Amino acid sequence: MALNSPKENNESAINSLNLAWDPKTIEIRTRSVEKALEPLIIQVTTLVNHSKKNQKLKRGRSKKAVQLVKDIDQATARLVDVGQDIAEDYQEVKIPMLEACTEAEEAGKVMHDAATEFALDPCTPSKRGTMVKSARILLSSVTRLLCIADMADVHRLLTTLKKVEERLKELEVMDTADDLLSAFKHYGNDLMQFAKLTGLRQADLKDARRKDEMAAARATLKRTSKMLLTTSKAYVSHPDLQSTKQNRDYVVDQVSSAVATISGVAQAVGESQRHPYEEVGYLARALDELMVRVLCE
């Protein structure tokens, strides 16, 4: 996720990429987003659970709740700061990211006020209910911010993907051995960078099915690398033979198909269901439990 990614200038490719993504959609697709969100969820759920326990205690200021409010404020501020940095570094997500940062800041202020009121009087049900509902809004806004940060990484991957596609087209039109080798060298360099980014994305994906699709596509790219050079050399040496062109085109089609699969997986295009053997993780359970508690208020 872009939370840990270095700044890169992708401005030249921004307008040429069509990202299949709605910035208003909240879907946690990677483990890095979960990890970034986890501290805030733990703090919020601890505060909510603490409020429930305090219903049986005498009225008065809750020191633990006051500290939790401060922790939530600091965690929210850190995420907003990172989001603003990403907006500057990744122009392709600048507008939705700044909107998400503003939304998270506003939700954080509402949460602060509601939680502070609760901390001063943790035994009043109405104050607890207001605080819990504010927590839900805060978590939703911060989750959206993190999802947009994740999409900055996807855009970076797709920018590299486009370079690979362009190099592949260059290979197809080379008609001399020297030009072919030069073009293949550029293709290989871009493919290595692409392999690095796709490897990181594959490891970070939560969806087991999409992770398997990404792995299969990456394996195809690795397997066809030498085949592409061999068949292209044969075609350049014997352009009059139909079989050499057919062999080269077959490998090119395999590469193109693998690249298209990676593009679809990176953007989470299409439906995907949880694998039968997958279980909901701790973080997802905690968020689900909090939402149920909010709805019951």
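Helices, here DSSP runs of H or I with at least four residues, are numbered from the N terminus, as strands (runs of E with at least two) are. This is a predicted model, in which local features need pLDDT of at least 70 and side-chain atom pairs count only at pLDDT 80 or more, while totals for chains, interfaces and linings use all residues. Residues are numbered from 1 along each chain as its sequence is written, and side-chain values use heavy atoms, with hydrogens and water left out.

Helix H3, which covers residues 63-89, contains Ile72. Once its neighbours within four places in sequence are set aside, Ile72 is in contact with Leu40, Gln43, Val44, Leu47, Met111 and Leu138, contact meaning heavy atoms within 4.5 Å. Ile41 lies 31 residues from Ile72 along the chain, and the C-alpha atoms of the two are separated by 9.1 Å.

The loop between helix H8 (242-266) and helix H9 (282-295) holds Gln267, which is buried at a relative accessible area of 6%. The side chains of Gln267 and Ser263 are joined by a polar contact of 3.1 Å, that is, a pair of N or O atoms within 3.5 Å of which, within protein, one must be able to donate a hydrogen and the other to accept it, residues adjacent in sequence counting only if both atoms are side-chain atoms.

Ala268, also found in the loop between H8 and H9, is buried with a relative accessible area of 14%. Although Ala268 is not a glycine, its phi is positive, at about 55°. Most residues other than glycine have a negative phi.

Key. Buried means under 20% relative accessible area, exposed over 50%, partly exposed in between (1.4 Å probe, protein chains only).
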